[in-house]
Amino acid sequence: MGIFNLDPSTPLSQNPCSISQSEQVSTEKSEAEEVRLQILSTAGVEESEFWAQPDGLGYRPCLDFSGEYRKSSDLIKKDRRKYLMVVVSGGMNQQRNQIVDAVVIARILGAALVVPILQVNVIWGDESEFSDIFDLEHFKSILADDVRVVSSLPSTHLMSRPVEEKRTPLHVSPQWIRSRYLKRLNREGVLLLRGLDSRLSKDLPSDLQKLRCKVAFHALKFAPHVLELGNKLAERMRSKGPYVALHLRLEKDVWVRTGCLPGLSHEYDEIITNERKLRPELLTGRSNMTYHDRKLAGLCPLNTLEVSRLLKALGAPRDARIYWAGGPPFGGQKALLPLTREFPNFYNKEDLAFPGELESLANKASLLAALDFIVAEKSDVFMPSHGGNMGHAIQGHRAYAGHKKHITPNKREMLPYFLNASLSEMEFDKIIRELHLDSLGQPELRTIKVGRDVTKYPIPECMCNDSTVSSS
């Protein structure tokens, strides 16, 4: 397959299939597009297939709680002695995950949940509270039969000395939570938890898995003003037909944390390398892996050149309308150029919003992320350039909504073909399509995805079809 060139100072070619990198005039681009359409047609791929949705195999939401769960709900709702307080951190999607687990922990302990406190994010300085982002009354109402949610501690508990836990171990079980907290909680009346991120086990009893889905897919509804604006932006995207949503992970901190390089130029790569040397604690992966190792292992975000080539190989038409979610890319417009050159109908929330519509959300990263979430979730096709909380959350939502198309880039398998300049355009596209036949949002059982979150893979705990109903 040829020798791979992973020198980060040498950007990948604009086209990995031996086509010139030089800027082409519009007539040449039209001819190239015509050739590509012929290639797709020859390979038996119609561009309309790009918008085709996966077969959901009849799966639908299925949150049937057991009789034992429903019976114990009455006792939990009447309890006025125990209260759980939680402080959640990170960006909006990370906060969502922690809120889901907070509800489940409150249920395990039989405690009322005080509305979660959102920690001010050290990166974005967002001081939004729960009710600024989410519909609090809806949250309380949906969970009324599962967990009592209160806006604040009652006066009887204001002077209580809370049991405080700053760092819960990873993947704790319901048994661990009860043995650790229940006795002290019964005595003191208040438990305060911090640092909840991914602390609760992903493998819980069936009823608690269903509760996770109920919180994620039903209770955590965005606040009315956020939902209204997000829906308007989605309608503007759809006004001229179907659209793709991309979650592009191109921010400077992403390149630093992943140990990867943007590949824009030697100068940009040098900035990232130096920042990582100055703050090695930011690197989230194994420090003994080189950039080359990370790239080949599929651990790096796709850059816009790779995203563009992947979309084209999968049959995305040049006139496809694309919404891109994410923070400002490191490198600015230069970082986006490979995508905007191939797909000129390219928009984000700032492009779609009318004058003044985003003013009230200025400097509120969580609310802006909520807008991205709404528009991306409503898209015809969604693709993240890298894993992460938002991509995982949207994948789960799209599965729960009937398995709307969600492209999961097969980075580890496809990278060698991106680096092989000897392949023809037709060969490259055919290989890429074959690599992604099972990565388009089809139903996937969580039971074969060891340690994965049910809110990303809601089958079989939270969705069923006629065959699973009859077999159970």
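Q: Which residue of S11 does His247 stand opposite?
A: In this predicted model, His247 faces Pro384 of S11.

Q: What makes S8 and S11 a pair?
A: Pairing takes at least two bridges between the strands. S8 (residues 243–247) and S11 (residues 381–384) share four bridges, in the parallel sense. The two strands therefore meet the criterion.

Q: What sheet do S8 and S11 belong to, and in what order do its strands run?
A: The sheet is open and has five strands. Their order is S10-S9-S8-S11-S12, and the pairing is parallel.

Q: What makes S10 and S12 the edge strands?
A: Strand S10 (346–347) and strand S12 (405–406) each pair on one side only.

Q: Which helix lies across S8, S9, S11 and S12, and at what angle does it run to S11?
A: Helix H16 (residues 389–400) lies across these strands, S9 being residues 321–325. H16 runs at about 155° to S11.

Q: Why is H12 called roughly parallel to H13?
A: H12 and H13 (residues 333–342) pack at an angle of about 25°. The cut-off for roughly parallel is under 35 degrees. The angle falls below that cut-off, so H12 counts as roughly parallel to H13. Their axes are 7 Å apart.

Q: Which residues make the contact between H12 and H13?
A: H12 supplies Thr304, Leu305, Val307, Ser308, Leu311 and Lys312. H13 supplies Ala335, Leu336, Pro338, Leu339 and Glu342.

Q: How many nonpolar, polar and charged residues does the contact of H12 with H13 have?
A: Seven are nonpolar, two polar and two charged. Lys312 and Glu342 are in the contact, and Lys and Glu both count as charged.

Q: Which residues of H17 and H18 meet?
A: From H17 come Glu413, Met414, Tyr417 and Phe418. From H18 come Phe428, Ile431, Ile432 and Leu435. By class, this contact has seven nonpolar residues, no polar ones and one charged.

Q: Which residues of helix H17 are called buried?
A: In H17 (residues 411–418), these are Lys411, Met414, Leu415, Pro416 and Phe418. Being buried, each has under 20% relative accessible area.

Q: Which helices do the buried residues of H17 pack against?
A: They pack against H11 (291–296), H12 (304–313) and H18 (425–435).

Q: How far apart are Met92 and Leu368 in sequence and in space?
A: They are 276 residues apart in sequence. From C-alpha to C-alpha, the separation is 9.2 Å.

Q: What phi does Asn363 have?
A: Phi of Asn363 is near 65°, a positive value in a residue other than glycine. Leu57 also has a positive phi, about 55°, and is not a glycine either. Leu57 sits in the loop between H1 (26–42) and S1 (60–61).

Q: What is omega for the peptide bond from Ile459 to Pro460?
A: Omega is near 5°, and the bond is cis. Pro460 is in the loop between H18 and S13 (463–464).

Q: How do you know where to read the coordinates with caution?
A: Where pLDDT is low, the predicted coordinates should not be read in detail. Residues 1–30 stay under 50, and the model has 60 contacts for them beyond four places in sequence. Residues 39–44 are also below 50, with nine contacts beyond near neighbours in sequence. The chain averages a pLDDT of 87.

How values were computed:
Residues are numbered from 1 along each chain as its sequence is written. This is a predicted model: local features need pLDDT of at least 70, side-chain atom pairs count only at pLDDT 80 or more; totals for chains, interfaces and linings use all residues. Side-chain values use heavy atoms; hydrogens and water are left out. Contact means heavy atoms within 4.5 Å. Axes are lines fitted to C-alpha atoms, for helices over the stretch in contact, and angles run from 0 to 180 degrees between N-to-C directions. Buried means under 20% relative accessible area, exposed over 50%, partly exposed in between (1.4 Å probe, protein chains only). pLDDT is the predictor's confidence in each residue, from 0 to 100. Angles under 35 degrees count as roughly parallel, over 145 as roughly antiparallel, 65 to 115 as roughly perpendicular and the rest as oblique.
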